Amino acid sequence: MYLGIDVGKFELSCCLISDGIFYEQEFENTRSGYKALKTWLDGHKANENLHCCCEATGNYYEPLAEYLSGHYKMSVENPRKIKGFGIAVLQRSKTDKQDAKLIAQYCKAMNPEPWQQPTPAQKQLQELTRYITRVKKQRAAELTKQQTAPDYLKPHIASTIAHLDTLLKRLKQDLQTFYKANPDYDKNRKRLRTISGIGETSASVLLAALTGRFETPAQFTAYLGLDPRMYQSGTSVNGRPRISKVGKSDLRAALYMPALVAYRINAFPDFVRRLKEKKKPFKVIIVAIMRKLAVIAFHILKSQTEYDKSRYKTAS
């Protein structure tokens with residue numbers, strides 16, 4: 001049995017595949033709605049072997065995934081995977097019900113990996129880092145607006161920026177409080193800080209993203225969307241390789257400035273020199289450094305060691 005769920009802010013569109021028959025139903029995206037969903041599944045004689053699947057859309061799916069993972073096999077997939085599957089099976093229309101049916105079919109055909117529920121500490125760190133990133137974006141937008149705003153708006157914008165500065169200060173204090181309460185995370189944060197170019201914010205973002213679900217650095221870079229995507233067919237089509245971007249854009253953004261810093265301080269001279277010899281553009285070099293930083297971060301946390309600058313011939 002397979003259950004596909006299209007998660008909305010207020011409603012859940014569900015499609016159950018049982019013995020080749022599709023059963024559809026809608027429920028509220030609330031705790032009582034989850035219980036009603038389970039009652040409906042019990043009526044169809046679903047057991048712990050039921051495989052449920054939904055898309056990772058915002059944060060709306062998290063309470064549902066936590067609830068269902070306590071009763072059934074639960075998977076949470078990248079929406080682009082579901083979209084690609086829909087193209088493959090020639091999905092012609094798009095409604096919540098059709099999406100739920102598509103997700104159920106995807107679950108049956110692809111048998112995705114089980115979702116791993118983050119620990120309370122991991123979830124708290126993820127929420128803090130996400131909100132800090134969000135507030136920083138808001139502040140940057142206000143600073144940009146301030147440059148072109150008329151004089152009668154500038155005092156209001158200045159007040160907003162001052163408020164965001166105060167909020168960021170409080171959030172950073174909350175982050176330090178978190179590390180004091182979770183010494184293991186604090187040790188790993190300090191390990192990540194030893195990497196050339198990695199600062200306080202990027203260390204926290206990487207630490208929030210790196211969980212036990214990744215067994216290889218390739219899995220982690222793919223999660224970030226920093227894995228290469230080839231476009232080649234026969235002898236006539238040979239497109240320029242690009243990163244897949246099938247991943248979290250905010251996590252990639254957190255590695256951009258560290259990569260720039262690493263480039264400016266010549267942290268990886270031999271690596272950058274080889275790329276320049278191949279006539280790689282500046283942006284390609286920066287993306288390559290981003291991927292290198294992610295791989296180094298993975299190995300450091302995996303081996304519980306500090307960054308060895310001599311290994312990468314860091315310029316003094």
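Which side chain meets R139 in a salt bridge? The legends below refer to a predicted model, and the first of them takes up this pair.

**View 1. A salt bridge joins the side chains of R139 and D165.** The partner of R139 is D165, and the two side chains meet with a distance of 2.5 Å from N to O. Because R139 lies in helix α5 and D165 in helix α6 (residues 154-181), the pair ties together parts that are 26 residues apart in sequence. R139 is partly exposed, with a relative accessible area of 28%, and D165, at 33%, is also counted as partly exposed.

View 2. E127 is partly exposed at 34% relative accessibility, as is R130 at 31%.

**View 3. Q126 is a buried residue of helix α5.** Helix α5 spans residues 120-148, and Q126 counts as buried because its relative accessible area is 14%, which is under the 20% cut-off. Leaving aside residues up to four places away in sequence, Q126 touches P118, A208 and T211.

**View 4. A patch of negative charge lies on the surface.** E11, E24, E26, E28 and D96 gather in this patch, to which strand β3 (residues 21-28) gives the most, with three residues. E28 has its place in strand β3.

Key: Residues numbered from 1 in each chain as written. Predicted model: local features only at pLDDT ≥ 70, side-chain atom pairs only at ≥ 80, totals over all residues. Heavy atoms only, no water. Patch = residues over 30% accessible without salt bridge, like charges linked within 9 Å, V, L, I, M, F, W, Y side chains within 5 Å. Areas by Shrake-Rupley, 256 points an atom, 1.4 Å probe, with all protein chains shown as cover. Salt bridge = Lys/Arg side-chain N within 4 Å of Asp/Glu carboxyl O. Lys, Arg positive; Asp, Glu negative; His and termini not counted. Charge placed at Lys NZ, Arg CZ, Asp CG, Glu CD. Helix = DSSP H or I, 4+ residues; strand = E, 2+ residues; numbered from the N terminus. Buried < 20%, exposed > 50% of the residue type's maximum accessible area, 1.4 Å probe, protein only. Contact = heavy atoms within 4.5 Å.
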